[in-house]
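User: I am new to this structure. Please walk me through how its labels were reached.

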Amino acid sequence: MSLPAPPVAPGGSITLARPDDFHLHLRDGAALAAVLPHSARQFARAVVMPNLRPPVTTAAQAQAYRERILAALPAGARFEPLMTLYLTDLLPPDEIRRAKEAGVVAVKLYPAGATTNSDAGVTDLRKTYATLEAMQREGLPLLIHGEVTDPDIDLFDREAVFIDRVMRPLRRDMPELKVVFEHLTTREGAQYVAGSDRFTAATLTPQHLLFNRNAIFLGGLRPHYYCLPVLKSEEHRQALVAAATSGSDKFFLGTDSAPHAAHLKEHAGGHAGCYTALTALELYAEAFDAVGAIDKLEGFASFHGADFYGLPRNEGRITLRREEWTVPEAVPFGDAQLKPLRGGETLRWRAVPES
Ligand SMILES: NC(=O)N[C@@H](CC(=O)O)C(=O)O
Ligand SMILES: [Zn+2]
Ligand SMILES: [Zn+2]
């Protein structure tokens, strides 16, 4: 056990290599234009999720989406979108080579019905094995929303059951396929990944490191804390914090920032997703600082993910200052409003990118 990092005094700061976000929803059109500057301000690169309507299922669609993202960047911003394809039962193995040539960095598995815009997702992973074999050959990672959708399984157990029903058989059948278990939410998930070989890694979101499921219900139903996989109990949160701050290179930053218009979250059948891009690094800093591990943030945020994907580490830097500031309650989102997680609250860290 290493000693806790010394606390950073108010007004003090730490500087990190510029980080990357390995799990980000940017949407499209006016929504894309509204949220992209927030991510581009803090992150050098982001792995952009393909769950648009219709989903991004071909190399050509991924290239066109990448062009729309670049066109929506504020003047002078330096930000590289890393594109992904959406795995369906019908994604042909040939598309993998074309995707690789087009600069696509990964393929995303959404079990059909598991989350937002997953109706085109995979119904049985075995139907995709020829495509997964092509990915294994090309070294293209599979990113997994790891929840079973069986209605008989309790919502809070869906990740743990996924490990036994899907992850273990997949790892046995496709041992050298690179796999990222996205947005881990459980102790079982953290233990599974920590005990796996070098082909398996995981992303962790700020909300799952900072909050347990009480946050959804305290003082009334709070839809802005509702995302999928849903927040779990305190025991699980602590296991995730331990994994993130362990220094293990199998765990890295992926916000899963998932913007939905406020009126669609504050709604019967409210949409799943927390909007964290505006405050991402500050939220992670708070989670790491709370356990005296701010010195472990740089590896988690800036090195482990790039190393797993085989990308160069970033050149630029970003400073986190120990300074209080209040998160805006809402930001414009096309014709609607978007409510950032912790909107209206005071945060203790503030990110100051290098100009
Ligand atoms: N995390 C979420 O709650 N929502 C994501 C989808 C996802 O990552 O599962 C979204 O696209 O809104
Ligand atoms: Zn997901
Ligand atoms: Zn997501």
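User: Where does K108 lie?
Analyst: This is a predicted model. In it, K108 sits in strand 5, which covers residues 106-109.

User: Why is K108 called buried?
Analyst: The cut-off for buried is 20 or more other C-beta atoms within 10 Å. K108 has 25 other C-beta atoms within 10 Å, so K108 counts as buried.

User: What does K108 touch, not counting residues up to four places away in sequence?
Analyst: K108 touches M49, P50, T84, Y86, L87 and L143. Contact here means C-beta atoms within 7 Å.

User: Which residues does the UniProt annotation "binding site" cover?
Analyst: According to the unreviewed UniProt entry, the "binding site" covers K108, H145 and H183. These residues are spread over 76 residues of sequence, yet they cluster in space. Their largest C-alpha distance is 12.6 Å.

User: Is H183 buried or exposed?
Analyst: H183 has 27 other C-beta atoms within 10 Å. The cut-off is 20 or more. H183 is therefore buried.

User: Where does H183 lie, and what is in contact with H183?
Analyst: H183 lies in the loop between strand 7 (179-181) and helix 6 (187-194). Leaving aside neighbours within four places in sequence, its contacts are H23, T203, T205, H208, P229, G254 and D256.

User: Which residues surround ligand 1?
Analyst: The shell holds H25, N51, T115, T116, H145, C227, L228, D256, A258, A272 and G273. H145 also belongs to the annotated "binding site" in the UniProt record. By class, the shell around ligand 1 has four nonpolar residues, six polar and one charged.

User: What is the strand order in the open sheet of three strands?
Analyst: The order is 1-10-13, and the pairing is antiparallel.

User: Why do strand 1 and strand 13 stand at the edges?
Analyst: Strand 1 (13-17) and strand 13 (346-353) each have a single partner strand, so one side of each is left without a neighbour in the sheet. On average, neighbouring strands of this sheet are turned by 35° against each other, direction ignored.

User: How do you know that strand 10 and strand 13 pair?
Analyst: Pairing needs at least two bridges. Seven bridges join strand 10 (residues 317-326) to strand 13, and the two run antiparallel.

User: What lies across strand 10 and strand 13?
Analyst: Helix 11 (residues 280-290) does, running at about 125° to strand 13.

Conventions:
Residues are numbered from 1 along each chain as its sequence is written. Chains are lettered from A and ligands numbered from 1 in the order in which they are written. This is a predicted model: local features need pLDDT of at least 70, side-chain atom pairs count only at pLDDT 80 or more; totals for chains, interfaces and linings use all residues. UniProt positions are given in the numbering used here, feature names are shortened, and annotations may be inferred rather than shown by experiment. Helices (H or I, at least four residues) and strands (E, at least two) are DSSP runs, numbered from the N terminus. A residue is buried if 20 or more other C-beta atoms lie within 10 Å of its own, exposed if 12 or fewer, and partly exposed in between; C-beta atoms are placed from the backbone. Two residues are in contact if their C-beta atoms, placed from the backbone, lie within 7 Å. A residue is near a molecule or strand if its C-beta atom, placed from the backbone, lies within 6 Å of it. Ala, Val, Leu, Ile, Met, Phe, Trp, Tyr, Cys and Pro count as nonpolar, Asp, Glu, Lys and Arg as charged, and the others, Gly among them, as polar. Axes are lines fitted to C-alpha atoms, for helices over the stretch in contact, and angles run from 0 to 180 degrees between N-to-C directions.
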